[in-house]
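Please read it alongside the coordinates.

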Amino acid sequence: MKKLLPLCFLVVSLFSFAGDGKDAFAYKLEDYYRLEKTLSLDLGKTTSLHMAIAKNKNSGNYDVLCFYMNENNKVTKLPTLSFEDQPELVSFHRNGDQVTVINYQHKTLSIDDFNLTDNSHARKEIIDIDDKPKTVFTVEDKTLLFNADRKEHTVSTMEIENSVSIKNKTMQVPANLQDKFEDIFKEDPQVVNTNEYVKNGSIQKLQAYYDQGNITMVYDEDEDKNLETFTITPDSDTPFHLKEYPASKMDKLKDRNSYVSDDKLFMVNSGKDDVQLSVFNTETGKQEKNVSMKNDLTAVGANSEKREDFIKQASRGKMKPTVSVNKTKNHTWAITLDYVDRTNYYYNNMWWFMWQQQLMIQQQQQQMMQRSFGPSSGIVDNNDIYFKKDEDHSIVFVLDANLNVLKDEKPETIHPNIDKEKYKKEVKEVEDDQKIRYTSISFSDNEYRYMYSDRKENTLYIQKAPME
């Protein structure tokens, strides 16, 4: 049985530490705690949630210590959660003055609500769930869990607003779509998080998007065949729709990829002599625009040499073209065309990546501790594997509401493109890298916030710093 530690409202004073004299929040862990990992999460543009998982040596449980930082950088200690097994984060979101965190452990889905007004807590447990949910859409004010059952030809959704408001729905796939349904869901889809700036996105054969109440699966089996979308609208009387989008007719087509935004499908096609972007209406399936890198992007900030090199590199066998669409503050679309090495690229949205990274570090540490003889090869620290930054060869341009290319436009996207590697390095420089561990970072529009522990003291720190 999972337990909740007694509610408490802890006031901890701010004090200066480190070499730059910034104020920081500090929380001294009890001696019976062994810190396992931390995670910092954005809650909108100006607030954040910071969590630390620690093994409670007295109870044998894993406790999750939660801290909320508001828009004025004031930190509040939230009620501590407790689990028999180490929990795995599924999702999180904020709805008004309530923050909901969803964890999975021991075949149980735990939905925990934190009321930011009175610091109260509520929990709902859903038991007998065999596996951790794999297809999860984290929306601004809710979480949507998705599951496709190929054997029963059903689709199930669980919409979670909070621990009280949970909507479950199971839909039967029509007989005429069942063969295609089985074909599409041979593998789990990869969810693309459109609530943050996306530079490259997914390159998997099956991609998942949540857009305006629609769950759209993009199925791209072969560039010589039509690309297909399988869309599910849970609130509709006719929830299933299958559409096909014709393969590009450009000469010497090499590969393609796609992205879904605002009822439009953006498809990038790479060939030996050109890279083209085709825009389709997902309601009608009709093509509305085609943009040639060779002919139509001559005045968008990319010179001819860069465009020619892009076309050449994108057509190489190990490369995969990518397209991402980020909405701008002027209600236009910022399009990013790029290519990645398919042998070592894997898309992760930021908070998922940071959580998985901490799990990997813990496993590496345990493996090192099991070695009793021989020289140590060193434990891999999360500071060394935080982000991987490659040379930027992307080409960015803007489409207006009518899908016309805007020349010399410098887009300001709703979700900013943050150089996370830069600020991760700043943390290492400001705080002595040899004295800190378990660092996690969250990013807002104009500042970043990070949580870490001192290697000598059993203390958690939460710090903030401005971004340029």
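Which strand gives the most to the lining of the second largest pocket?

1. Basis. The model is predicted; local features need pLDDT of at least 70 and side-chain atom pairs count only at pLDDT 80 or more, whereas totals for chains, interfaces and linings use all residues. Residues are numbered from 1 along each chain as its sequence is written, and side-chain values use heavy atoms, with hydrogens and water left out.

2. Second largest pocket. Strand 14 (143-149) gives the most to the lining, with five residues. Strands here are DSSP runs of E of at least two residues, numbered from the N terminus. Strand 15 (154-160) and strand 16 (166-172) likewise each supply at least two residues. The lining comprises 23 residues, and D131, P133, F146, N147 and A148 lie nearest the centre of the pocket. The space in this pocket is about 630 Å³. A pocket is an open set of points on a 1 Å grid over the protein atoms alone, where a 1.4 Å probe fits, with protein on both sides within 12 Å along at least five of seven lines; lining residues have an atom within 4 Å of a point. Points are joined across faces, edges and corners, and the volume is the space filled by probe spheres set on them.

3. Four strands, in the order 22-23-24-25, form an open sheet with antiparallel pairing. Its edges are strand 22 (253-261) and strand 25 (287-292), each of which pairs on one side only. Two strands pair if DSSP finds at least two bridges between them. Between strand 24 (residues 275-281) and strand 25 there are five bridges, and V279 has K289 in strand 25 as its bridge partner.

4. Strands 26 and 27. Strand 26 (residues 319-327) is largely enclosed by the rest of the structure, because eight of its nine residues are buried (under 20% relative accessible area with a 1.4 Å probe, protein chains only; exposed is over 50% and partly exposed in between). Nine bridges join strand 26 to strand 27 (residues 333-341) in the antiparallel sense, and P321 stands opposite Y339 in strand 27.

5. Aromatic pairs. The count comes to 18 aromatic pairs, where rings of Phe, Tyr and Trp (its six-membered ring) pair if their centres lie within 6.5 Å; planes under 30 degrees apart count as stacked, over 60 as edge-to-face and the rest as tilted. F25 and F67 are edge-to-face, because their ring centres are 5.5 Å apart and their planes are at 65 degrees. F25 belongs to strand 3 (residues 23-28) and F67 to strand 6 (residues 62-69), 42 residues apart; F25 and F67 are buried. The pair of F137 and Y210 is tilted, with centres 5.9 Å apart and planes at 45 degrees. Both of these residues are buried.

6. Charges over rings. The charged end of K77 sits over the ring of F67, 5.9 Å from its centre, and that of K420 over the ring of F443, 5.6 Å from its centre. The criterion is NZ of Lys or CZ of Arg within 6 Å of the ring centre and within 35 degrees of the ring normal.

7. Positive phi. Most residues other than glycine have a negative phi. H153, in the loop between strand 14 and strand 15, has a positive phi of about 55 degrees and is buried at 14% relative accessible area. D263 has a positive phi of about 60 degrees and is partly exposed at 24% relative accessibility.
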